[in-house]
Amino acid sequence: MLYPNDISTKLGFDQILQLVKDRCKSTLGLEQVDRIRFSNNYELVDKLLNQTAEYSAIITAEESFQANYFIDTRSYLDHAKVEGTFLQEDQFKEISKSLSTIKSVSNFLVRREDDFPYLNS
């Protein structure tokens with residue numbers, strides 16, 4: 001390949017996406033990165049940049065922010081839908097950890113709504 005055909009590759013966007021993927025904590029995050037597209041919608045881009053800035057401020061300055069267990073529990077829940085099947089104890093623990101993380105993050109953002117308006121929108 002002498003020169004890439006698409007703008008994404010020309011700008012190195014694919015490399016940036018890979019760097020983001022390398023920092024994802026779950027398959028849910030990886031799927032979100034795969035959905036990222038270019039946009040010319042100013043309001044959307046502005047909102048996303050502000051959300052990124054707020055989250056960056058949180059993870060660099062907030063010791064009380066616990067976001068360690070974003071676990072993709074969809075396969076467990078799909079399995080549990082089948083009549084006559086049951087979840088294993090470790091699967092319940094994973095679901096519990098994930099829900100605790102979600103609750104913790106949600107409570108944090110609600111308490112700090114004025115500090116992080118874009119993450120609360």
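Reader: To begin, how many helices and how many strands does the secondary structure of the protein come to?

Author: The model is predicted. Its secondary structure comes to six helices and zero strands. From the N terminus on, the order is α-α-α-α-α-α. The radius of gyration is 18 Å, well over the 14 Å that the globule rule gives for 121 residues, so the protein is more spread out than a compact globule. Along the principal axes, the C-alpha atoms fill a box of roughly 55 × 45 × 25 Å.

Next, burial. Of the 121 residues, 21% count as buried. The protein exposes about 9,600 Å². Carbon and sulfur atoms supply 55% of that area.

Now the core itself. In soluble globular proteins, nonpolar side chains tend to be buried together. Here the largest nonpolar core has seven residues. They are Ile 58, Phe 65, Ala 67, Val 105, Phe 108, Leu 109 and Phe 116. Helix H6, residues 89-111, gives the most to this core, with three residues.

Take Val 105, one of the core residues. Set aside its neighbours within four places in sequence. Val 105 is then in contact with Phe 65, Gln 66, Ala 67 and Phe 70. Among these partners, Phe 65 and Ala 67 belong to the core too.

Last, charge. The protein has 14 positive and 19 negative side chains. The centres of the two sets lie 2 Å apart.

How values were computed
Residues numbered from 1 in each chain as written. Predicted model: local features only at pLDDT ≥ 70, side-chain atom pairs only at ≥ 80, totals over all residues. Heavy atoms only, no water. Helix = DSSP H or I, 4+ residues; strand = E, 2+ residues; numbered from the N terminus. Rg over C-alpha atoms; globule rule 2.2 N^0.38 Å. Buried < 20%, exposed > 50% of the residue type's maximum accessible area, 1.4 Å probe, protein only. Areas by Shrake-Rupley, 256 points an atom, 1.4 Å probe, with all protein chains shown as cover. Lys, Arg positive; Asp, Glu negative; His and termini not counted. Charge placed at Lys NZ, Arg CZ, Asp CG, Glu CD. Core = buried A, V, L, I, M, F, W, Y, C linked by side-chain atoms within 4.5 Å. Contact = heavy atoms within 4.5 Å.
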